[in-house]
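Here are my notes on this model, as numbered points. Please read them with the structure open.

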Amino acid sequence: MRRPQNILLRCAAVVAAGLGFTFAAAGLAGAAGPQPVAPNELSKATTAARSETALSLLEKAGGTAKARPTVAQDTHPIYALNPAFVRDATAPVATFWYAATSASAGGKPVTVYTTPDGHGSWQAVNVASGNTESRMVAAAKGATLFTEPQLGAWYALTATQVRPLNPAAVKSIGSKPVAITAYQDLVSHRYSDKLPGSKYNDQGVAGGYDAGYQDSVAAEGHSPVVPIALAGGVLAGGVLLVVRRRLKVH
């Protein structure tokens, strides 16, 4: 069995229609943005981030530290680059991936990941080191936040533009916002030969990273290790080759 290089895990953004939970009707104009997760669903995600499963993960993440885990109320939907957008500029730029809730374990900031299972019930699936998501949400200033996991890049999405939020995103598109059409052209060239069904994908080759990528991730204080497999098949095999930071909790 082939293993992707650079400790990568093959993942794709969640296809919302297959998850069985309700999205809010309001969204960005046209096909640019994903339909937002409904407030009542985010409330369920927060509840899941405070569940016994989540607290167990947090306690393990805290190790022997005496400080009790705490979980905030600021749950945010996290979106990822949509493989369909790589193929088709009329598709939404990003699709829902997971919900992130700020927390503390062992006196250090961490993030609880929650996702809906196949029946629409939200579950805590991971605890990641640091507070990247909450920082990026603040930097997005109300725009839709999405990530291009292949590069560790974070962007703010409006109806017409993609704005870089971190150094990896600046390296990807430059320091200024770019039109969505320009971003689609960029990711089409970057990933069109790596989509499901391509020779690249079939061979299990991990690409889209330069040799120094993991060093740059480590420099930002993240651990470039594979995330746990999510229950219920929430993340399906596809274009996204992901390096995620996470705490070793089991």
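1. A105 has K108 in β4 as its bridge partner. β3 and β4 form a hairpin with 2 residues between the strands. In that turn, G106 has a positive phi of about 65°. The two strands run antiparallel and are joined by 7 bridges. Strands here are DSSP E runs of at least two residues, helices are H or I runs of at least four, and both are numbered from the N terminus. Two strands count as paired if DSSP finds at least two bridges between them.

2. A word on the basis: this is a predicted model, in which local features need pLDDT of at least 70 and side-chain atom pairs count only at pLDDT 80 or more, while totals for chains, interfaces and linings use all residues. Residues are numbered from 1 along each chain as its sequence is written, and side-chain values use heavy atoms, with hydrogens and water left out.

3. β4 continues into a second hairpin, with β5 (residues 122–129). Again 7 bridges join the antiparallel strands. V112 has V127 in β5 as its bridge partner. Here 5 residues lie between the strands, and G120 takes a positive phi near 90°. On burial, 7 of the 9 residues of β4 (residues 108–116) are buried, so the strand is largely enclosed by the rest of the structure. Buried means under 20% relative accessible area, exposed over 50%, and partly exposed in between (1.4 Å probe, protein chains only).

4. What is the order of the strands in the open sheet? The 8 strands run β5-β4-β3-β2-β6-β7-β8-β9, with mixed pairing. β5 and β9 (178–179) stand at the edges; each has a single partner strand, so one side of each lacks a neighbour in the sheet. β2 and β3 pair antiparallel over 9 bridges. Within that pair, Y79 has F96 in β3 as its bridge partner.

5. Two helices lie across the sheet strands. α1 lies across β2, β3, β4 and β5, at about 125° to β2. α4 lies across β2, β3, β4, β6, β7 and β8, at about 35° to β7. The angles run from 0 to 180 degrees between N-to-C directions, with axes as lines fitted to C-alpha atoms, for helices over the stretch in contact.

6. Look at α4 (residues 132–140) in detail. T132, E133, S134, M136 and A140 are buried in this helix. The buried residues of α4 pack against β2, β3, β4, β6 (144–148), β7 and β8 (161–164). Just after the helix, K141 takes a positive phi of about 55°.

7. The largest nonpolar core has 28 residues. Such a core is a set of buried Ala, Val, Leu, Ile, Met, Phe, Trp, Tyr and Cys residues joined through side-chain atoms within 4.5 Å. F146, Y155, V162 and Y183 have the most contacts inside this core. Among the elements giving two or more residues to the core are α1 (39–49), β2 (70–81), β3 (94–105) and α6 (180–191). α6 gives the most, with 4 residues. Apart from this core lies another, of 14 residues, among them A80, Y113, M136 and A156.

8. V162 deserves a look. Leaving aside neighbours within four places in sequence, V162 is in contact (heavy atoms within 4.5 Å) with F146, Y155, A156, L157, I173, P177, V178, I180 and Y183.

9. How many salt bridges does the structure hold? There are 2, taking a side-chain nitrogen of Lys or Arg within 4 Å of a carboxyl oxygen of Asp or Glu. One joins K44 and E41 (3.4 Å, N to O). These residues are 3 apart in α1, so about one helical turn separates them. K44 is partly exposed, with a relative accessible area of 41%, whereas E41 is buried at 4%.

10. The other salt bridge joins R190 and E148 (2.6 Å, N to O). This pair links distant parts of the chain: R190 is in helix α6 and E148 in strand β6, 42 residues apart. E148 is buried, with a relative accessible area of 0%.

11. Overall, the protein chain has 8 helices and 10 strands. Of its 250 residues, 50% count as buried. Among contacts with a separation of 6 or more, 58% are between residues 24 or more positions apart.
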